[in-house]
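Student: I would like to work through the helix packing, strand pairing and backbone geometry of a model. May we examine them in turn?

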Amino acid sequence: MAPAPADLQDRRVEITGPVDRKMMINALNSGAKVFMADFEDANSPTWQNVVDGQRNVHDAVRRTIELDTGERQYRLNDQIATLMIRPRGWHLLERHHDVDGKPVSGSLFDFGLTVFHNAREQLERGTGPYFYLPKLESHLEARLWAQAFALAEEELGLPHGSIKCTVLIETILAAFEMDAILYELRDHSCSLNAGRWDYIFSCIKKMDALLPDRAQVTMTVPFMRAYALLLVKTCHCREAHAIGGMAAFIPSRRDPDVNAIALAKVTEDKQREAGDGFDGTWVAHPDLVPVAMAEFDAVLGDRPNQIDRNRADVAVTEDDLLDFRVPGGEITDEGLRVNCSVGVRYVDAWLQGVGAAAIDNLMEDAATAEISRAQVWSWVQAGRFDEERARREIDAVEASAEAKELFAEVALTVPFMDFLTPTAYQHLP
């Protein structure tokens with residue numbers, strides 16, 4: 001692997017969030033090492049959100065991003081997080097911009113605008129164009145990204161390999177191709193991230209995994225633990241960073257009990273990741289940065305990462321990755337109610353232009369909504385509930401009729417729809 005640049009050597013805590021101006025300023029000021037500005041799962045891709053997001057990235061790169069609400073002024077601190085961008089996945093289009101008479105790929109639209117407007121400026125400021133790549137299912141998609149990077153570098157006169165990336169291993173198919181994905185992107189100091197929520201969704205979609213209630217599918221269940229440990233081992237054997245996933249719990253500044261539970265859950269999650277050998281992790285809220293930082297500081301100390309820990313003791317087999325049994329797991333009435341409630345309310349927020357929504361003290365985005373509707377679908381198909389029962393739960397949610405109808409469509413239509421966002425996108429302005 002090509003070595004990571006200096007500002008990506010220490011990634012012990014990364015904060016993620018949408019490309020909203022206030023949220024970007026808060027995230028950059030949060031004390032995290034990296035901020036991933038998200039055009040994908042945490043962004044509802046209204047044309048306004050996409051355009052405003054590109055403007056906000058442009059201003060953040062030049063450190064001119066600011067906001068005055070009348071009640072408070074938001075400005076960047078002297079010390080800010082390193083900026084990374086997550087473009088949309090290959091499955092998404094940008095219908096507001098045509099190329100040769102057809103809607104352009106959302107992936108290439110987000111990447112192209114970002115790199116065209118900012119790459120040179122970033123390099124001159126001592127950082128660079130850094131990207132997170134979502135939803136890959138094979139090394140061939142990684143190769144396509146490598147070709148896009150090489151073309152952009154050539155056309156813009158950038159040094160070869162100046163574009164750097166991290167790939168989210170968030171599909172079960174990609175879990176079998178981690179070595180090949182790292183190889184294809186070797187000139188771009190590729191690292192891997194354990195994208196846990198989409199990974200669970202992919203196991204349901206691609207492998208017909210019949211899983212218990214979502215709350216019971218934690219990172220400690222056997223198939224998820226096998227995937228996480230294999231990712232660390234694979235990365236460190238190739239001298240690449242392994243970045244952990246995001247705990248869904250979010251703190252509350254108003255409810256001490258909720259806050260205590262969230263901090264305890266996140267502490268436990270990050271302690272396990274640091275102990276397993278991850279070099280960094282994700283959080284979704286500024287208040288969680290010091291919590292996660294403390295756990296990684298305890299393991300890393302003054303070291304920027306633990307790539308030298310090769311986890312030779314880890315032996316994960318194909319059967320381990322595909323054994324979806326969850327000891328003690330149950331499919332319950334409450335699980336169905338929660339999936340319908342969370343899924344419908346998230347879709348409702350998404351249709352209103354909100355891509356990351358705090359629901360029941362958890363941070364929900366498109367990936368967690370995908371789990372909700374995939375579980376409803378798989379449980380109905382397996383005969384655990386009938387369609388009428390699922391529709392009753394959907395109808396009982398306090399949300400718009402449009403959101404209920406859309407969730408029912410993506411959760412109950414046979415055959416299973418690959419993603420909810422392409423269908424939902426048709427409802428956006």
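Tutor: What follows is a set of questions and answers on this structure. This is a predicted model, in which local features need pLDDT of at least 70 and side-chain atom pairs count only at pLDDT 80 or more, while totals for chains, interfaces and linings use all residues. Residues are numbered from 1 along each chain as its sequence is written, and side-chain values use heavy atoms, with hydrogens and water left out.

Student: What is the orientation of helix H9 relative to helix H10?

Tutor: Helices (H or I, at least four residues) and strands (E, at least two) are DSSP runs, numbered from the N terminus. The axes of H9 (residues 256-276) and H10 (residues 289-300) come within 9 Å and cross at roughly 30°; axes are lines fitted to C-alpha atoms, for helices over the stretch in contact, and angles run from 0 to 180 degrees between N-to-C directions. Angles under 35 degrees count as roughly parallel, over 145 as roughly antiparallel, 65 to 115 as roughly perpendicular and the rest as oblique. H9 and H10 are therefore roughly parallel.

Student: How many residues in the contact of H9 with H10 are nonpolar?

Tutor: Contact means heavy atoms within 4.5 Å, and the residues involved include Leu-263 and Val-266 of H9 and Phe-296 and Val-299 of H10. Ala, Val, Leu, Ile, Met, Phe, Trp, Tyr, Cys and Pro count as nonpolar, Asp, Glu, Lys and Arg as charged, and the others, Gly among them, as polar. Three residues of this contact are polar and three are charged, and the number that are nonpolar is seven.

Student: Is the crossing of helix H7 with helix H13 left-handed or right-handed?

Tutor: H7 (residues 196-207) and H13 (residues 366-381) pack at about 25° with their axes 8 Å apart. A crossing is left-handed if the near helix is turned anticlockwise from the far one by less than a right angle, and right-handed if clockwise. The crossing of H7 with H13 is left-handed.

Student: How many residues of strand S1 are buried?

Tutor: S1 (residues 13-18) is largely enclosed by the rest of the structure. S1 pairs in the parallel sense with S12 over three bridges and with S2 (residues 34-38) over five bridges. Buried means under 20% relative accessible area, exposed over 50%, partly exposed in between (1.4 Å probe, protein chains only). The buried residues of S1 number six of six.

Student: Is Glu-239 buried or exposed?

Tutor: Glu-239 lies in the loop between helix H8 (222-237) and S11, and has a positive phi of about 55° although it is not a glycine. Its relative accessibility is 61%. Glu-239 therefore counts as exposed.

Student: What is the relative accessible area of Ser-189?

Tutor: Ser-189 is found in the loop between helix H6 (178-184) and S10. Phi of Ser-189 is positive, near 40°, in a residue other than glycine. Ser-189 is buried, with a relative accessible area of 10%.

Definitions and conventions: Pairing = 2+ DSSP bridges.
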